[in-house]
Amino acid sequence: MAIRQLRNDDPPLRLRRIGFAAGAVLVLSSLGFLAVAWHPAIPPVESVPRAAPEHVRAGERLAKLGYCASCHTAEGGQPYAGGRPIATPFGTIHATNITPDPGTGIGRWSLDAFTRAMRQGIDRDGRHLYPAFPYTHYTGLTDDDVGALYAYVMSRRPVEATAPANTLPFPLNLRPLIAGWNLLFFREGRFAPDPGRDEAWNRGAYLAEALSHCGACHSQRNFLGAEVTARAYTGGEADGWWSPALGAKSTAAPPWTEASLARYLVGWDPQHGGAAGPMGTVLKAHAGVQGSEIKALARYTASLFPMPAPDRAPLDRPIPEDDPSLTRGATIYAGACATCHESGGWAAGGVPYTVTSLGQRSSVTGPDPRNLIHVLRDGIAPEQDSAGPIMPAYGDTLTAGQVTDLAAYLRARFSDAGPWLKLDETVRALMPRAPEPRSATKLEGRP
Ligand code: HEC
Ligand code: HEC
Ligand code: HEC
């Protein structure tokens with residue numbers, strides 16, 4: 001009986017052939033996949049030869065413009081010792097220890113191993129690195145620059161530190177899968193200058209595209225987290241912040257020019273102000289970078305914007321009087337913000353670092369309210385022992401409802417792009433610990 005059943009289930013010969021062919025394709029493609037996914041380990045080195053001091057200094061300048069420290073240094077941690085969590089839509093990835101500690105850092109990495117990591121995203125053992133490490137940009141770096149970066153990181157003080165484990169769900173925790181991602185989205189290759197452009201533009205393009213990876217934050221990504229080439233610089237994400245579009249899609253009210261970019265990229269521009277959040281970190285890293293590098297970056301970035309610049313002036317208009325939310329927002333603004341933000345602006349002798357009108361800030365005129373909410377919640381503070389813009393944090397004093405009213409008011413007064421959709425939900429999501437509104441009973445209980 002059992003035998004008979006088996007015979008009945010036996011597939012016809014043709015089907016068996018198809019099955020065999022499909023199996024063969026599967027085996028071959030898995031082998032092919034393993035071939036691209038597999039990379040040999042690069043032998044460890046016993047010690048790293050001492051680099052010339054000027055080589056190390058060149059590497060230090062490059063590391064500033066590559067923002068290596070901002071990812072590889074944990075809050076309050078040792079420089080370059082790793083452990084900083086990087087939030088991605090897929091889970092948290094920790095930057096690793098890139099000090100020359102032989103056990104927990106990269107002390108046993110040869111220049112070849114370091115070069116392969118920077119250009120192909122493969123570590124010394126042959127494992128794939130997650131593209132949260134922007135090797136997709138660093139692949140464009142020249143041999144000289146990779147060598148100088150190596151000399152610099154290898155001359156740091158070794159620190160023994162192991163980054164916490166990543167929290168990526170299965171199957172994203174399987175590193176060989178990154179080979180598939182690379183196959184789809186990653187093009188290895190050095191930066192190719194454009195002979196039709198001048199030297200400064202090409203220098204700026206090299207920095208922006210390869211070392212400073214501006215697009216990693218400012219470009220739109222697809223559902224697998226890869227930057228979409230066709231939507232380069234149309235606006236992206238960074239650590240829960242919105243990164244404005246640079247180029248035709250820019251919503252900045254005073255248009256960006258080469259001169260204002262050159263000022264902004266070192267901290268502050270009277271037309272646009274300065275930056276907070278992840279861009280604030282970028283601007284702080286630019287302190288001490290040679291002026292020619294900043295000028296080059298400004299020249300290239302300015303060329304992303306359309307010429308002539310759109311005729312768009314900052315707006316400041318009366319708000320409708322019959323909207324209770326806007327009226328409440330106006331009262332909070334008058335009480336908490338106007339002393340600084342209606343002082344006329346720094347350039348006219350007002351409060352340092354403020355611009356004339358908040359209508360000049362893309363956190364108010366842009367399509368996404370998150371940057372404004374972050375700034376209201378956390379304020380702005382200069383680095384320890386340095387001067388810079390100061391704005392108080394309101395996360396402990398204003399309720400989520402008050403922040404919503406205030407944001408709606410700023411939007412209605414300074415932008416004609418229409419109210420932000422789902423503003424209230426966004427405020428509540430970003431301010432889960434906002435103080436509760438005082439209840440009526442509590443107020444009644446007062447003397
Ligand atoms: C946006 C954040 C970010 C920046 C900027 C960044 N890194 Fe990293 N880097 C990472 C992360 C995250 C990893 C670990 C990836 C993983 O575990 O798959 C990493 C890994 C590495 C590795 C491999 C180390 C190992 O333990 O396998 C090297 C080498 C490295 N980075 C060097 C650099 C240098 C040099 C710079 C500056 C030019 C730099 N990184 C800038 C996030 C960053
Ligand atoms: C780590 C992510 C990150 C990187 C890298 C980064 N940016 Fe930004 N950028 C941001 C964010 C976030 C903002 C919004 C800042 C704010 O609201 O204060 C911003 C704002 C800006 C603005 C202001 C735009 C406007 O309309 O207000 C300019 C210009 C800019 N970035 C240029 C650059 C350039 C050029 C580079 C590369 C040299 C760069 N950024 C690299 C995240 C980043
Ligand atoms: C003590 C002075 C001070 C007070 C009070 C203050 N700010 Fe600011 N604010 C600043 C400074 C300084 C900056 C940074 C430079 C600039 O304005 O360009 C800033 C920046 C901003 C920005 C731009 C943030 C960005 O990165 O795009 C917004 C929006 C803003 N403030 C709104 C407010 C609102 C709303 C209030 C009231 C709840 C307020 N500020 C209270 C001083 C202040």
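## The iron site

The iron atom of ligand 2 sits in an octahedral site, with angles of 88 to 179 degrees among its six donor atoms. Six donors count as octahedral if opposite donors are over 155 degrees apart and all others between 65 and 115. Donors are N, O and S atoms within 2.8 Å of the metal (3.2 Å for Na, K and Ca), and water is not among the atoms, so sites may look incomplete. This is a predicted model, in which local features need pLDDT of at least 70, side-chain atom pairs count only at pLDDT 80 or more, and totals for chains, interfaces and linings use all residues. Residues are numbered from 1 along each chain as its sequence is written, chains are lettered from A and ligands numbered from 1 in the order in which they are written, and side-chain values use heavy atoms, with hydrogens and water left out.

His218 (NE2) and Met279 (SD) coordinate this iron atom at 2.0 to 2.3 Å. The pair links distant parts of the chain, 61 residues apart: His218 lies in helix α10 (residues 214-218) and Met279 in helix α12 (residues 277-285). Helices are DSSP runs (H or I, at least four residues), numbered from the N terminus. His218 counts as buried because its relative accessibility is 10%, whereas Met279, at 22%, counts as partly exposed. The cut-offs are under 20% relative accessible area for buried and over 50% for exposed, with partly exposed in between (1.4 Å probe, protein chains only).

## Domains and their contact

The protein chain is divided into domain 1 (53-185), domain 2 (199-302) and domain 3 (324-444), with bounds from an automatic or database domain assignment. The centres of domain 2 and domain 3, taken over C-alpha atoms, are 24 Å apart. Their contact (heavy atoms within 4.5 Å) takes 19 residues from domain 2 and 20 residues from domain 3.

## Nonpolar cores

A nonpolar core is a set of buried Ala, Val, Leu, Ile, Met, Phe, Trp, Tyr and Cys residues joined through side-chain atoms within 4.5 Å. The largest has 48 residues, and Leu141, Leu149 and Leu211 are among those with the most contacts inside it. Helix α7 gives the most to this core, with eight residues. At least three residues of this core come from each of domain 1 and domain 2.

Not counting residues up to four places away in sequence, Leu211 touches residues including Leu62, Leu65, Tyr138 and Leu141. A second, separate core of 32 residues includes Ala412, Phe414, Trp420 and Leu430.

Conventions: Four donors count as tetrahedral if all angles lie between 85 and 135 degrees; four count as square planar and six as octahedral if opposite donors are over 155 degrees apart and all others between 65 and 115; anything else is irregular. Helices (H or I, at least four residues) and strands (E, at least two) are DSSP runs, numbered from the N terminus.
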